[in-house]
Amino acid sequence: MPGAPPFETFEHDADIGVRGRGATLAEAFANAGRALTAVVTDPARVRESTSVEVACEAGDPESLLFDWLNALVFEMATRWVVFARYEVGIEGGRLRATAFGEPVAVARHQPAVEVKGATWTGLRVAREGELWVAECVVDV
């Protein structure tokens with residue numbers, strides 16, 4: 001896994017998979033958030049002019065990832081924003097995060113698709129060697 005990108009998307013039937021990697025579970029979740037952004041636009045095009053607090057709680061890491069990604073989808077859809085970066089803290093089954101981004105600027109962000117939500121398909125949180133991996137398929 002050395003040299004693997006911290007986040008990526010992958011094809012899955014008619015939907016798209018998101019994958020985040022990190023030295024910690026929190027970092028893997030933050031990078032899964034960046035992969036979610038990458039489904040919509042290039043995260044490098046997003047400025048950090050606003051921040052949004054996000055919190056969720058679940059009984060296991062997979063359910064927490066599902067809830068985290070759906071919370072981000074909700075924030076993106078209701079605030080009409082995209083996020084460039086995430087600061088995530090996870091303690092037990094509780095996640096607290098700050099998402100940094102800006103309102104969608106169609107000309108600059110050129111949104112590709114609208115993410116409807118995370119799914120249980122391919123939902124996986126696991127340790128692979130030195131890294132945590134957090135992934136699932138999102139409905140577009």
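# Strands, helices and salt bridges

User: How many bridges join S4 to strand S5?

Analyst: Ten bridges join S4 to S5 (residues 94-103), and the two strands run antiparallel. This is a predicted model, and everything below is computed from it.

User: Which residue in S5 is the bridge partner of Val88?

Analyst: Ala97 is the partner of Val88.

User: What is the strand order of that open sheet?

Analyst: The order is S3-S5-S4, with antiparallel pairing across the three strands. Strand S3 (50-57) and strand S4 (81-91) are the edge strands, each pairing on one side only. From one strand to the next, the twist averages 20 degrees.

User: Which strands does H2 lie across?

Analyst: H2 lies across S3, S4 and S5, and runs at about 145 degrees to S3. Helix H1 (residues 25-40) lies across S4 and S5, at about 165 degrees to S4.

User: Staying with H2: how far apart are its end C-alpha atoms, and what span should its residues give?

Analyst: The end C-alpha atoms of helix H2 (residues 61-79) are 27 Å apart.

User: Which side chain is joined to Thr98 by a polar contact?

Analyst: That of Glu53, at 3.1 Å. Setting aside neighbours within four places in sequence, Thr98 is in contact with Ser51, Val52, Glu53, Arg85, Tyr86 and Glu87.

User: Now S8. How many bridges pair strand S2 with strand S8, and in which sense?

Analyst: Seven bridges, antiparallel, between S2 (residues 15-22) and S8 (residues 131-139). Within that pairing, Arg21 has Val133 as its bridge partner in S8.

User: How many bridges does S7 have with S8?

Analyst: Strand S7 (residues 124-128) pairs with S8 over five bridges, again in the antiparallel sense. Val125 is bridged to Ala134 of S8. S7 and S8 form a hairpin with two residues between them, and Gly129 in the turn has a positive phi of about 65 degrees.

User: What about strand S6 and S8, how many bridges there?

Analyst: Two bridges join S6 (residues 117-118) to S8, and these strands run antiparallel. Gly117 has Asp139 as its bridge partner in S8.

User: Change of topic: how many salt bridges does the count come to?

Analyst: Ten salt bridges. One of these is Arg21 with Glu8, where the closest N and O atoms are 2.7 Å apart. Arg21 is in strand S2 and Glu8 in strand S1 (residues 7-12), so this pair ties together parts 13 residues apart in sequence.

User: Is Arg21 buried or exposed?

Analyst: Arg21 is buried, at 10% relative accessible area, whereas Glu8 is partly exposed at 22%.

User: Which residue does Arg19 meet in a salt bridge?

Analyst: Arg19 meets Glu135, at 2.4 Å from N to O. This pair links distant parts of the chain, with Arg19 in strand S2 and Glu135 in strand S8, 116 residues apart. Arg19 counts as buried at 17% relative accessibility, and Glu135 counts as buried at 10%.

User: And Arg108, what is its partner?

Analyst: Arg108 forms a salt bridge with Glu102, the closest N and O atoms being 2.6 Å apart. Arg108 is partly exposed at 25% relative accessibility, while Glu102 is buried at 6%.

User: Which residues do salt bridges that share partners join into one network?

Analyst: The network holds Glu8, Arg19, Arg21, Arg124, Glu128 and Glu135.

Definitions and conventions
Residues numbered from 1 in each chain as written. Predicted model: local features only at pLDDT ≥ 70, side-chain atom pairs only at ≥ 80, totals over all residues. Heavy atoms only, no water. Pairing = 2+ DSSP bridges. Helix = DSSP H or I, 4+ residues; strand = E, 2+ residues; numbered from the N terminus. Expected span 1.5 Å × (residues − 1). Axes fitted to C-alpha atoms, helices over the stretch in contact; angles between N-to-C directions. Contact = heavy atoms within 4.5 Å. Salt bridge = Lys/Arg side-chain N within 4 Å of Asp/Glu carboxyl O. Buried < 20%, exposed > 50% of the residue type's maximum accessible area, 1.4 Å probe, protein only. Polar contact = N/O pair within 3.5 Å; in protein donor to acceptor, adjacent residues only side chain to side chain.
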